[in-house]
Amino acid sequence: MTDFCQDETPAIFQMAHVIECAPVQGAVPEGSVWSLSLKAEKSALPAAGQFFMLRSHSSQKLLARPISVFSVQILPDNNSAKIEFLILKKGKGTRELCALKSGDRVELLGPCGNTFPRPIEGSNICIVGGGVGIAPVAGFASTLPDQTYDFYASFKSGSYGLQNIKAKTLFITTDDGSQGISGMISAALNASDLRARKYTAVYACGPAPMLRYIQGICRDANVQCYLSLEEKMACGMGVCLGCTVQTVEGYKRCCKDGPVFAGQKIIFDDPIPPQKRNAVGVIDLSVNVGGLRLKNPVIASSGTFGFGTEYESVFDISSLGGISSKGLTLEPRQGNSGRRLWETPSGLMNSIGLQNPGIPHFIKEELPQMKELGTAVIANLSGSSIQSYCEGARLLENSDVDAIELNISCPNVSTGGAALGMSCQTASDATKRIREIVTKPLIVKLTPQASDVVGVALACREAGADAISLCNSFQGVAIDIEKGEPVFDKVKAGFGGPAVRPIALRYVWEVVEAMNKLPEDQRIPVIGIGGIATWRDAVEFIMTGAAAVQVGTATFANPLAMKEIIEGIEAFMRRKGYSSVKDFRGIAQKA
């Protein structure tokens with residue numbers, strides 16, 4: 001029995017408990033949709049059409065997820081309610097919710113939003129649900145007298161969420177014809193049907209293309225419709241203004257002014273034309289970065305993968321495009337004193353200080369082993385003075401490394417490092433001096449701390465760089481509140497990880513944008529670095545214009561991250577019909 005409120009209930013915040021979490025029977029593919037039932041306070045009883053913000057109490061995600069209510073039932077104690085949700089298992093947040101067990105705690109904010117308006121007694125109404133959008137309209141239908149409405153349920157395959165439907169007529173459509181009528185909602189309902197069946201109102205929830213279609217046929221048939229929309233949101237309370245939808249009355253908040261809107265007031269975006277996809281055979285992941293040919297665009301970032309041999313037992317290192325070595329200096333270094341690592345939300349701070357065995361030792365001992373790994377070897381060159389940089393460059397030029405990455409961006413040393421990359425002049429001078437020594441591909445690694453990152457990148461290009469890699473760690477400060485002092489002896493430390501990705505992506509965008517303004521034969525490629533943890537992150541950087549990417553902190557969290565990124569890029573290319581990386585490199589800049 002469904003016990004929705006008739007009126008909107010004010011939102012409260014509470015800790016609910018999981019009664020049951022299980023895959024929904026009939027959903028295709030199996031396990032794609034889950035039913036989550038929570039025990040909540042009776043005072044939080046929602047009205048039909050409202051939603052809650054849900055977040056697992058042990059979640060690693062920042063934000064709760066807005067989930068529509070499917071059904072409500074007062075429990076025997078008469079003080080609490082069982083609230084059931086249907087959840088499409090899609091991203092990390094919903095996967096967390098679908099993994100909950102009986103007794104787990106869930107942070108619950110709600111009920112939020114408005115409700116479906118009650119139909120006038122005796123009216124002839126039509127209810128439409130598409131996919132997981134079936135939940136709120138099925139919940140709404142359960143509050144109506146039996147046999148007083150027609151219900152249309154549209155799925156890609158299979159069907160679910162219809163157990164509480166008591167319609168005059170139930171229509172089911174499936175894209176693949178597995179149940180009911182073969183086709184989308186248009187196969188069962190059009191403007192002529194609305195007129196012929198004398199519907200006075202339509203209530204609908206589902207994917208935006210379906211709602212756009214419902215809006216259109218209702219307009220053509222002069223029938224009122226009410227559409228329940230979905231938007232990404234942060235608060236659910238109307239505060240963040242991040243979930244606005246465009247209407248004829250201006251922007252409205254989906255969470256507060258909606259999610260239910262009068263259909264004629266919504267302005268939908270123009271439909272995206274179907275993308276032409278070419279059948280592809282062999283996928284070419286190879287890239288050329290300033291004369292350095294890589295079998296794929298994924299490089300292990302300096303300082304996060306040692307010399308590669310350390311991870312030989314974990315996965316096949318030859319699958320990588322390349323490895324950028326631990327930062328190397330002419331002389332051996334012990335690195336910084338004191339604490340060296342400090343974890344932050346979605347990130348990691350470090351103050352290693354270029355601990356390394358020195359370039360002569362590297363060339364004699366580590367490099368031969370790296371060359372046997374079957375991937376490109378990039379020597380990350382650092383120093384404390386331009387003279388030490390130059391002497392190190394001479395040794396590396398005469399070694400078997402495939403390329404040199406000039407590190408003028410390390411944030412954790414007192415001299416050299418980032419000090420040389422802070423201005424166009426010093427960066428240009430350093431690049432020019434090294435260019436005079438080396439003939440190998442020269443990549444210059446930049447700091448995000450420079451006041452003019454684009455200017456520094458262009459200055460390095462002019463001075464002879466074959467490629468730019470950016471960006472190195474950001475600088476941050478951490479305080480040990482128990483001791484009341486900075487965590488790191490040098491106070492400031494490098495900060496990386498997923499938290500920096502949007503900022504790093506911005507720098508890559510701006511440098512690529514500047515390069516694109518030059519004649520084609522004067523441009524040099526950019527390697528994107530900063531918070532890349534998944535194949536989607538890597539594709540973002542490549543679509544922004546990066547020729548390749550470096551993966552760092554993610555390896556500490558998931559030693560197989562780079563392997564999975566390479567596999568993910570290849571699968572993405574096959575799905576989208578891209579035969580080579582250049583097919584989608586920089587397309588975001590051209591959009």
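The model is predicted, so local features need pLDDT of at least 70 and side-chain atom pairs count only at pLDDT 80 or more, while totals for chains, interfaces and linings use all residues. Residues are numbered from 1 along each chain as its sequence is written, and side-chain values use heavy atoms, with hydrogens and water left out.

**The whole chain**

- The chain has 13 helices and 31 strands; these are DSSP runs numbered from the N terminus, with helices being H or I of at least four residues and strands being E of at least two.
- Its C-alpha trace spans about 90 × 55 × 45 Å along the principal axes.
- Of the 591 residues, 55% count as buried, where buried means under 20% relative accessible area with a 1.4 Å probe and protein chains only.
- Among contacts (heavy atoms within 4.5 Å) with a separation of 6 or more, 66% come from residues 24 or more positions apart.

**A seven-stranded sheet**

- Seven strands form an open sheet with mixed pairing, in the order β10-β9-β8-β7-β11-β12-β15; two strands pair if DSSP finds at least two bridges between them.
- β10 (181–182) and β15 (260–262) are the edge strands, each with a single partner, so one side of each has no neighbour in the sheet.
- Inside the sheet, β7 and β8 (residues 149–155) run parallel and are joined by six bridges.
- C126 has D150 of β8 as its bridge partner.

**Helix α4**

- Helix α4 covers residues 208–221, 14 residues in total, and reaches 20 Å from its first C-alpha to its last.
- That reach is close to the 20 Å expected at 1.5 Å a residue, the expected span being 1.5 Å times one less than the number of residues.
- Its buried residues are M210, L211, I214, Q215, G216, I217, C218 and A221.
- These buried residues pack against β7 (125–130), α3 (191–196), β11 (201–205) and β12 (224–228).
- Just after α4, N222 takes a positive phi of about 60°.

**I359 in helix α5**

- I359 belongs to helix α5 (residues 359–371) and is buried, with a relative accessible area of 0%.
- Leaving aside residues up to four places away in sequence, I359 touches L328, T329, L330, L381, G392, L395 and L396.
- The C-alpha atoms of I359 and S382 are separated by 9.9 Å, and the two residues are 23 residues apart along the chain.

- On a 1 Å grid over the protein atoms alone, a cavity is a set of points where a 1.4 Å probe fits but cannot get out, a pocket is an open set with protein on both sides within 12 Å along at least five of seven lines, and lining residues have an atom within 4 Å of a point.
- The structure holds one cavity of 30 Å³ or more, and the largest cavity has a volume of about 50 Å³, a volume being the space filled by probe spheres set on grid points joined across faces, edges and corners.
- L54, R55, S56, S59, K61, L63, R65, G93, E96 and L97 line the largest cavity, with β3 (51–56) and α1 (92–98) as the elements that give two or more residues.
- The second largest pocket contains about 510 Å³ of space.
- Of the 18 residues that line this second largest pocket, N516, R523, P525, G545 and R585 lie nearest its centre.
- Helix α9 gives the most to the lining of the second largest pocket, with three residues.

How values were computed
Buried means under 20% relative accessible area, exposed over 50%, partly exposed in between (1.4 Å probe, protein chains only).
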